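Please keep the sequence and the coordinates at hand while reading.

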Amino acid sequence: MTGRTPLKAIIDIGSNSVRLVVYGGPERVPATLFNEKVMAGLGRALDETGAIAPAALDQAVTALARFRRLTRLMGVAQLRTVATAAVRDASNGGELLDRAAALGLEVELLSGEQEAEAAALGVLSAIPDADGIVGDLGGGSLELTRVQGGRVLDRASFPLGVLRIAGVRGRTLDAQVEEQLARAPWLRQARALPLYLVGGSWRALARVDMALSAYPLPIVHQYVMAPGTAAQLEHALAGTSREQLRAVPSLSGSRIATLGGAAALLAVLVKLMRTSSLVVSAAGLREGLLFGALPPETRAEDPLIAAARDEAIAEGRFPEHGDLLDRWIAPLFPDDPDARLRRAACLLADTGWRANPEFRAERAFESGAHGNWVGIDARGRVLLGQALYSASGGGANALGGLASLVGEADLRRAIRWGLAIRLGQRLSGGVAEPLTRARLEVDDRTLLLHLPGEDGHLYGDAVDKRLRQLAAALGLEARMA
């Protein structure tokens, strides 16, 4: 069972930004309670001078002083401060470390390989079945890491950050990238795989693509793009003004300047590595540092189920009811390919009870489709939202423009999950005992509800109505046995 922990925080001193993130909630899927960045640009002048510009260094130290004070005021129990490429490579990186130490911050200077491993662990924490190459693009470096079977395999770091390649295009960039990748021979055996995109610049590219394609579910985590999208975005950005880009929802203005370089680099990588697909990850280095410190049994938990169970404990009336509901309705869905989504729906089914009854179904859908979940793609979000919508009395018409993201057969199954959950909730009144004795069975063309002994008194009009609704959705007749 996932446990809750004292507040943890990470200060990440990157080549482009200095950021503080404070985490709380369950260990397996910590929630972001506070997130602030300062675009100090420590790596901006590095290739020209070999040093961090004095103004950038001062700006970073000012941010560190604020962040250190905030973590004390917030009562953060575990604070970890890390620095990456710019501080690692700068001739005056030691000065920043000394000034941070004077503030009471012990900074870990990560090597390129450590940075690559942390980013890869971050992806595995949020996409446990990731199988491909993790690409973490920062201001000063690019890390590429092979992940498979929940493990971090080969890794390498290259001086190809967005600040370092600014203004480099065409054959010059191609040659530069090809020369760097040749330093990692293992990449030759890692072609034609998905590339998992980590880093603010690549997430910003995904937001631009969502806007250009009018994508109906603008949640960046596990957003998938075809490999040719990188070159298309590079071309589109060349003809797009800053004013037009500022209109893109959720696109940080500080990322606009690096979008062209990020797209150009991505297009070259796709060509050289013959990438099969581009998958965006909202989790990266910071999440990987937290994930890597967890015990193996906690790391093995399904992040979607862990988060749904935590939500049920925090918001539900009967938090133990979700797992019981799932076991109770499972016989109706043998060989269910989306059993984990069904289980998440059962765990979340009681969390919206405080909502206005007129909008309870809509809130339930929002919780499933738009919730801050990981370990779930767009299709899964839509199915989870529909199941919760149907479980909350909304029927079958929740999707609108999202219908294009799921197949009809899968959608029908999610509606049936919801109706089965709705029956179980009404029958039991949220009490565990009835569901431990009652059972559902399909016999020929009939859906049978078995209620032994005195539990037969639980069969009232409301239960009869919901049993018949479920039976109709399954194409069966209904009967109490």
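In this predicted model, 54% of the 481 residues of the protein count as buried. The accessible surface comes to about 20700 Å², and carbon and sulfur atoms account for 49% of that area. Contacts between residues at least 6 apart in sequence can be split by separation: 70% of them join residues at least 24 apart.

As for overall dimensions, the C-alpha trace spans about 85 × 45 × 40 Å along its principal axes. The secondary structure consists of 20 helices and 14 strands. Charged side chains number 54 positive and 54 negative, and the centres of the two sets lie 2 Å apart.

Nonpolar side chains tend to be buried together in soluble globular proteins. Here the largest nonpolar core has 59 residues, and Trp328 and Leu447 have the most contacts inside it. The elements that each supply at least two residues of this core are α13 (303-315), α14 (321-329), α15 (339-348), α16 (360-370), α17 (378-391), α18 (408-428), β13 (446-450) and α20 (461-474). Of these, α18 gives the most, with nine residues. A second, separate core has 49 residues, among them Trp186, Leu195, Met210 and Leu265.

Which residues does Leu447 contact, leaving aside its neighbours within four places in sequence? They are Leu332, Leu440, Glu441, Val442, Leu467, Leu470, Ala471, Leu474, Leu476, Glu477, Ala478 and Arg479.

Helix α11 (residues 285-292) is a further case of burial. Six of its eight residues are buried, so α11 is largely enclosed by the rest of the structure. The six are Leu285, Arg286, Gly288, Leu289, Leu290 and Phe291. Their cover includes the strands β1 (8-13), β2 (18-24) and β4 (78-83), together with the helices α5 (112-126) and α12 (296-299).

The loop between β1 and β2 holds Asn16. Is Asn16 buried or exposed? Its relative accessibility is 7%, and because residues under 20% are classed as buried, Asn16 counts as buried. Apart from neighbours within four places in sequence, Asn16 is in contact with Val38, Met39, Ala40, Gly41 and Arg44, and also with Gly139, Leu163, Arg255 and Thr258.

Key:
Residues are numbered from 1 along each chain as its sequence is written. This is a predicted model: local features need pLDDT of at least 70, side-chain atom pairs count only at pLDDT 80 or more; totals for chains, interfaces and linings use all residues. Side-chain values use heavy atoms; hydrogens and water are left out. Helices (H or I, at least four residues) and strands (E, at least two) are DSSP runs, numbered from the N terminus. Buried means under 20% relative accessible area, exposed over 50%, partly exposed in between (1.4 Å probe, protein chains only). Contact means heavy atoms within 4.5 Å. Accessible areas come from the Shrake-Rupley method with a 1.4 Å probe; for residues, only the protein chains shown count as cover. Lys and Arg count as positive and Asp and Glu as negative; His and the chain ends are not counted. The place of a charge is taken as NZ of Lys, CZ of Arg, CG of Asp or CD of Glu. A nonpolar core is a set of buried Ala, Val, Leu, Ile, Met, Phe, Trp, Tyr and Cys residues joined through side-chain atoms within 4.5 Å.
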